[in-house]
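The sequence and the structure are shown first, and a discussion of selected pairs follows.

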Amino acid sequence: MNLVEELKKIIKGDVLSDEGTLADYSHDASLFELKPQVVVCPKDIDDLKSLVKFVTEHKKEMPDLSLTGRSGGTDMGGGSLGDSIIVSFGKYFNHLGQVRGDEISTEPGVYYRDFEKETLKAGLIMPSYPASREICAMGGIVNNNSGGEKSLNYGKTEKYVKSLKVVLSDGNECILEAQDAEGLKNKIALETLEGEIYRKMYDLISQNYDLLQAAKPKVSKNSAGYYLWNVWDKEKKVFDLTKLFTGAQGTLGLLAAATLKLVPAEKYSALTIAFLNDTSLIPEIVNTVLPHRPESFEGYDDNTLRLAIKFFPSFAKLMGARNIISLSWQFLPEFWMFIKGGIPKLILQIEFAGNDQAEVRRQAEAIAKELEAKFKLAAKVAESDKEIRKYWLIRRESFNLLRHKIKDKHTAPFIDDIIVPPARLGEFLPELNKILADYPRLIYTIAGHIGDGNFHIIPLMNLENPKDREIIGLLGPRVYELVLKYGGSITAEHNDGLVRSPYLREMYGDKVYALFEETKRIFDPQDIFNPRKKVGGNFEFSAAHIRKNF
């Protein structure tokens with residue numbers, strides 16, 4: 001069977017198989033390379049249904065046939081890569097509804113930057129956007145259960161999903177939303193795949209309720225595994241499969257649209273910058289800052305700041321600066337630190353927000369004074385919007401600079417999203433640094449959400465060098481073992497993909513992992529949706545597809 005020609009017969013949208021397209025879709029923001037057979041840009045939901053029905057009908061004769069959804073293609077774990085059919089949502093599934101009350105409906109191909117422009121017209125925002133806000137799309141935000149700088153105060157995407165329009169493995173459309181006792185009864189009574197899913201998932205979750213509640217990671221953010229513990233609220237008698245589908249990374253069905261809840265955007269913000277040389281103080285600093293209830297508490301290391309200075313022209317372009325000389329004046333303190341060799345080990349950003357400008361400023365000044373007095377830190381409040389934007393861009397855009405500006409080394413995100421309870425940072429960080437020190441050839445930057453205990457470690461490696469590639473298989477398990485020792489999660493925001501799925505059994509244990517496998521079978525008995533992610537992950541397969549050419 002000629003797969004491309006057969007798909008063209010049933011799809012109204014685009015069916016692409018030229019080498020240039022396949023090469024482009026062989027990569028995302030991860031360290032992997034996986035070439036698809038064909039890329040389909042579906043025109044509408046009927047195309048999605050046709051795709052699913054086609055794959056289920058031909059799965060026996062073509063066992064490797066599968067569907068992997070992709071929106072912005074910025075996934076750092078290889079979640080949007082597949083070796084069969086890529087379903088690309090960007091071209092046609094990019095419609096955005098109007099804000100109605102505090103809700104808005106979006107298709108998966110809408111970029112967050114466009115989404116936010118629309119919501120801000122109504123004075124509202126979805127606060128779970130990730131640091132990649134300028135280049136990521138809404139499909140990835142939902143499917144990865146994304147979080148970011150505001151998650152400290154507002155939580156992750158799962159809190160803002162009202163309903164999801166999805167296509168299930170029988171090729172039929174379904175609306176997932178919270179069901180009360182009566183609604184659940186009606187769903188269970190359906191003589192369809194949807195009804196079967198509700199029946200089996202209710203039985204699976206209710207019969208293993210205590211086990212699942214005990215398995216829930218005791219951290220503020222988690223994107224590892226299936227969130228079975230979130231579906232059934234016993235006290236409120238609410239059964240909500242959006243809590244499972246959100247973050248499932250497209251392994252349970254195809255997302256066609258999402259209705260999301262919004263929150264009021266605060267009118268004013270103030271940013272306190274603190275410069276830290278002794279990272280052993282982090283736990284105590286976190287305990288000092290969090291009672292002040294900041295909007296966000298971020299940080300990045302000296303290597304990240306050096307990167308912004310070293311590649312200043314590119315950074316200026318990201319800031320939209322027309323006059324590079326004018327922008328240089330804003331960076332004068334950082335240039336001076338760089339020349340003197342006095343760049344601090346960690347730059348902390350503590351943001352306060354509210355509708356009272358004077359009060360927001362007072363909070364920022366108060367924490368600056370407290371950090372100076374208690375820890376002898378150099379701390380200040382950013383004096384202008386330009387200065388605030390400068391520091392935020394260093395934090396948000398460092399990964400993009402790394403991807404494009406280091407000559408023979410490339411970003412290799414494989415320990416990029418670890419999280420532990422902030423109270424354990426004092427014990428965790430020294431052990432982490434000791435492990436990293438065992439690999440002296442490894443160059444890396446660290447940035448993260450300090451208030452959550454969530455760190456993004458981005459190694460820079462020459463992946464053409466077998467010695468560098470070998471480090472991935474050696475270092476990853478050691479870091480994950482340490483994270484689990486301190487009660488954390490191997491991924492807070494970025495999800496499992498090809499890079500972390502092989503470690504989920506170790507994180508959750510055999511019994512819970514078996515429930516993940518059963519969940520996959522209930523939704524997707526033929527394994528047609530994004531295989532090797534969440535369950536069925538195989539380190540040997542992932543290692544064999546680490547990218548060599550850039």
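## Salt bridges in the predicted model

Across the whole structure, a search finds 32 salt bridges. The coordinates belong to a predicted model.

| Pair | N to O distance |
|---|---|
| Asp83 and Arg532 | 3.4 Å |
| Arg500 and Asp416 | 3.0 Å |
| Lys485 and Glu431 | 3.2 Å |

Asp83 and Arg532 form a salt bridge. This pair links distant parts of the chain, 449 residues apart. Asp83 lies in the loop between strand 3 (67-70) and strand 4 (85-88), and Arg532 in the loop between helix 22 (510-523) and helix 23 (539-544). Asp83 has a relative accessible area of 25% and is partly exposed; Arg532, at 24%, also counts as partly exposed.

The salt bridge between Arg500 and Asp416 joins helix 20 (residues 497-500), which holds Arg500, to strand 18 (residues 415-419), which holds Asp416. These two residues are 84 residues apart. Arg500 is buried, with a relative accessible area of 0%, and Asp416 is likewise buried at 0%. Both count as buried because their values fall under the 20% limit.

Lys485 is exposed at 51% relative accessibility, whereas Glu431 is partly exposed at 28%.

Salt bridges with shared partners also join Lys12, Asp44 and Asp47 into one network.

Note on methods
Residues are numbered from 1 along each chain as its sequence is written. This is a predicted model: local features need pLDDT of at least 70, side-chain atom pairs count only at pLDDT 80 or more; totals for chains, interfaces and linings use all residues. Side-chain values use heavy atoms; hydrogens and water are left out. A salt bridge is a side-chain nitrogen of Lys or Arg within 4 Å of a carboxyl oxygen of Asp or Glu. Helices (H or I, at least four residues) and strands (E, at least two) are DSSP runs, numbered from the N terminus. Buried means under 20% relative accessible area, exposed over 50%, partly exposed in between (1.4 Å probe, protein chains only).
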